[in-house]
Amino acid sequence: MLRFLQERVNKKTKKVDERAAENGVVQDEYDELSTKQARVKELMRRLAVKLGKENDVEEDR
Amino acid sequence: MTIRLAFTAALLSLSPCLLAQVKTPGEGVRPGAHMPPVHEREVQNPFQAFDQARFEKEARALGANDEQLAAFRVDVDELGAARAADNLLRKVVPAFDQAVLAAEDADPKAALDLTKVLVETQSPLLQAHVRFHLARVFLDSDDPERSIEVLNEYLGKNINHSPLDGDAAYFYAQSLAEIPMVDAAIPRFRAFLQWFPDASERLRSAAHQRILELERQRESRLHMLADGMKKTSRDLRKQKTDDPVQMDQEKYLEELDELIEMFQEMESQSSGPASGLGPSNSPAASSALPGGEGTVGDLNHKKSLADRWGDMRDADRKKIMADVQNTMPPQYQKMLEEYYKKLGKADR
């Protein structure tokens, strides 16, 4: 799922970049794009924290 | 969800070799990948020991009287030099006190008020204190880059005038960590600990804690990926969608592909269900709720600067923006315009 979400953000970034060169893009669109990237980041962080905790438990055994 | 379960199950049976691979981040996903490299080298300590006589002389030039200086000396023993010095300047310069009060109250006007004091003073001592508080305001508004800009000015123009130098060094490292520029933040936290052995215990223990967290973060590919994505998220908000940002994003995909492949390989190598999926070795004797208070989250959530900015009347917001445009020199005008614009866009 993370890969799928990141792929979507990448595609959207390219589109916004192309449109910015042609007609310009309003700040709201950049903010929306940034929020999408932040959501993927948050999922990634949660997974890293969860796996880190589980790994600590394993190492303590 | 499937990937997540596979990650979890696979990690429970990691071989040491594969575990090392998961912990070692790929170069491309480091958040500072497109920033100038930070070289590991011995840096000479630019900070001098606090010169109280010089400080008092500069405070007198700002208007401190004998009574205030006597109170300052008592405060140095009781509160520490940094806080005592800040308290003294707040007593001596009412406009500075008002601006710091606004900052403590998460009032959006604080950045403007502090900058006004900064523009009007020639005293490097007062500039140091104003820049310190301004950097804190930016950091509290999730704007570590601007915080670093302000602290760079502090370190370039105002060091060795105030006992606040140690706090400034700490928050410089903290701002780098928030970007996150992990590789640059760790040596600066270490330098803070080495150069300021008499800094407050609160800051010193926080620095130790941050070093541990950042080192752990640096050893984990997953955390490094999240750090890189955090920086990209900021870049996108700043309208950066060009090749360097797109290259970062492509590397996140490559990194995710590698991790998925690795976990799939581990899954196929493990035989039988992972140990963590079976019944517990030490089940509870009886079924009952755990003890402790039944609270969920922070019930006394303090309003953020962005909340307060959003709650303000349109007329008040316009007045602040008019002040920024009409009373500030160009370099501060740009800084504050961008700050208030970002505050208006922040997630609340």
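What percentage of the 61 residues in chain A is buried? In this predicted model, buried residues make up 21% of chain A, and the secondary structure of that chain consists of 2 helices and 0 strands.

From chain A we can turn to the place where it meets its partner, where 30 residues of chain B are in contact with 30 residues of chain A. On the chain B side of this meeting place, the elements that supply two or more residues are helix 1 (2-11), helix 13 (221-237) and helix 14 (243-269). Of these, helix 13 of chain B gives the most, contributing 10 residues to the side that touches chain A.

The next topic is the nonpolar cores. The largest nonpolar core has 62 residues, and the ones with the most contacts inside it are B:Leu114, B:Ala173 and B:Ala185. Helix 8 of chain B, which covers residues 124-140, gives the most to this core, with 9 residues. To follow one of the residues named above, look at B:Ala185, which touches B:Ala173, B:Leu176, B:Ala177 and B:Leu214 when residues up to four places away in sequence are left out of the count.

There is also a second, separate core, made up of 16 residues, and among them are A:Val9 and A:Leu47 from chain A together with B:Met224 and B:Tyr252 from chain B.

Note on methods
Residues numbered from 1 in each chain as written. Chains lettered and ligands numbered in written order. Predicted model: local features only at pLDDT ≥ 70, side-chain atom pairs only at ≥ 80, totals over all residues. Helix = DSSP H or I, 4+ residues; strand = E, 2+ residues; numbered from the N terminus. Buried ≥ 20, exposed ≤ 12 C-beta atoms within 10 Å, placed from the backbone. Contact = placed C-beta atoms within 7 Å. Core = buried A, V, L, I, M, F, W, Y, C linked by C-beta atoms within 7 Å.
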